[in-house]
Amino acid sequence: LQSVGLSDDYVMLDSPMERVEVRQDSTLHPLRPEYSETTLRRLNTMVGSSGGVNMIDHYNETVYLGQVHMKNAMLNDEFQSSVQKLLSDLQTHDASFRYEYSAGPIKKLERCLTKLDTKYGDAQFPSSSQILDI
């Protein structure tokens with residue numbers, strides 16, 4: 001992007017292979033969990049097995065994931081516009097750059113739960129903050 005004069009508008013990694021952990025709770029405008037894992041663990045102990053609900057899982061899979069999903073749904077139009085602008089800017093600066101852009105639908109909450117279970121189950125609390133591609 002530097003070679004086409006776009007380096008001030010977009011963040012670039014030092015290497016194409018560089019991996020950066022990005023989470024919903026550690027972005028520029030983070031969505032911080034209302035309760036810590038410690039607080040929820042303490043609540044589990046107080047309620048005991050008679051409650052029938054693991055408060056950590058419940059909060060992560062229901063409350064926090066619901067907030068992540070809602071936040072991303074609200075930001076979707078702005079995100080799609082930013083991606084289109086990036087591609088358009090690249091094409092403006094490099095006539096050989098061609099693209100076809102088509103925005104997909106917002107991921108359903110059920111699919112987010114499946115992804116959470118299969119891909120991020122062992123991630124740091126709240127693991128649902130790992131889901132970025134809603």
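The protein chain holds 3 helices and 0 strands. From the N terminus on, its elements follow the order α-α-α. Helix α1 covers residues 37-47. Helix α2 spans residues 55-93, and helix α3 takes in residues 109-119. Of the 134 residues of the protein chain, 27% count as buried. Contacts between residues at least 6 apart in sequence were also examined. Of these, 64% join residues at least 24 apart.

The mean pLDDT of the protein chain is 84. A value of 70 or more is reached by 84% of its residues. Confidence is lowest in helix α1, with a mean of 91. It is highest in α3, at 93. Over residues 1-7, pLDDT stays under 50. For this stretch the model has 12 contacts beyond four places in sequence. Where pLDDT is low, predicted coordinates should not be read in detail.

The pairing of α1 with α2 comes first. The axes of α1 and α2 come within 8 Å and cross at roughly 130 degrees. The two helices are therefore oblique to each other. On the α1 side, the contact is made by Glu37, Leu40, Arg41, Leu43, Asn44 and Val47. On the α2 side, Met55, Ile56 and Tyr59 take part. By class, the contact of α1 with α2 has 6 nonpolar, 1 polar and 2 charged residues.

The loop between α1 and α2 contains Asn54. Asn54 has a relative accessible area of 38%, so it is partly exposed. Asn54 and Leu43 are 11 residues apart in sequence. In space, their C-alpha atoms are 9.1 Å apart. Leu43 is also one of the α1 residues in the contact with α2.

Helix α2 also packs against α3. The angle between α2 and α3 is about 120 degrees, and their axes are 11 Å apart. That angle makes α2 oblique to α3. The crossing of α2 past α3 is right-handed. From α2, the contact draws on Asn60, Glu61, Leu65 and His69. From α3, it draws on Leu109, Cys112, Leu113, Leu116 and Asp117. The residues of this contact divide into 5 nonpolar, 2 polar and 2 charged.

Asn60 was examined individually. Asn60 sits in helix α2. Its relative accessibility is 7%, so Asn60 counts as buried. Residues up to four places away in sequence are left out of its list of contacts. With that exclusion, Asn60 touches Leu65, Leu116, Phe125, Pro126, Ser127 and Ser128. Leu65 and Leu116 belong to the contact of α2 with α3 as well.

Two of the residues touched by Asn60, Phe125 and Pro126, are joined by a cis peptide bond. The omega angle of that bond is near -15 degrees. Pro126 is placed in the segment after α3.

Val22 has a relative accessible area of 40%, so it is partly exposed. Val22 is in contact with Thr27 and Leu132, leaving aside neighbours within four places in sequence. Val22 and Ile131 are 109 residues apart in sequence. Their C-alpha atoms lie 9.3 Å apart in space.

In summary, α2 is in contact with α1 through Met55, Ile56 and Tyr59. Its contact with α3 is made through Asn60, Glu61, Leu65 and His69.

Terms used:
Residues are numbered from 1 along each chain as its sequence is written. This is a predicted model: local features need pLDDT of at least 70, side-chain atom pairs count only at pLDDT 80 or more; totals for chains, interfaces and linings use all residues. Side-chain values use heavy atoms; hydrogens and water are left out. Axes are lines fitted to C-alpha atoms, for helices over the stretch in contact, and angles run from 0 to 180 degrees between N-to-C directions. Helices (H or I, at least four residues) and strands (E, at least two) are DSSP runs, numbered from the N terminus. Angles under 35 degrees count as roughly parallel, over 145 as roughly antiparallel, 65 to 115 as roughly perpendicular and the rest as oblique. A crossing is left-handed if the near helix is turned anticlockwise from the far one by less than a right angle, and right-handed if clockwise. Contact means heavy atoms within 4.5 Å. Ala, Val, Leu, Ile, Met, Phe, Trp, Tyr, Cys and Pro count as nonpolar, Asp, Glu, Lys and Arg as charged, and the others, Gly among them, as polar. pLDDT is the predictor's confidence in each residue, from 0 to 100. Buried means under 20% relative accessible area, exposed over 50%, partly exposed in between (1.4 Å probe, protein chains only).
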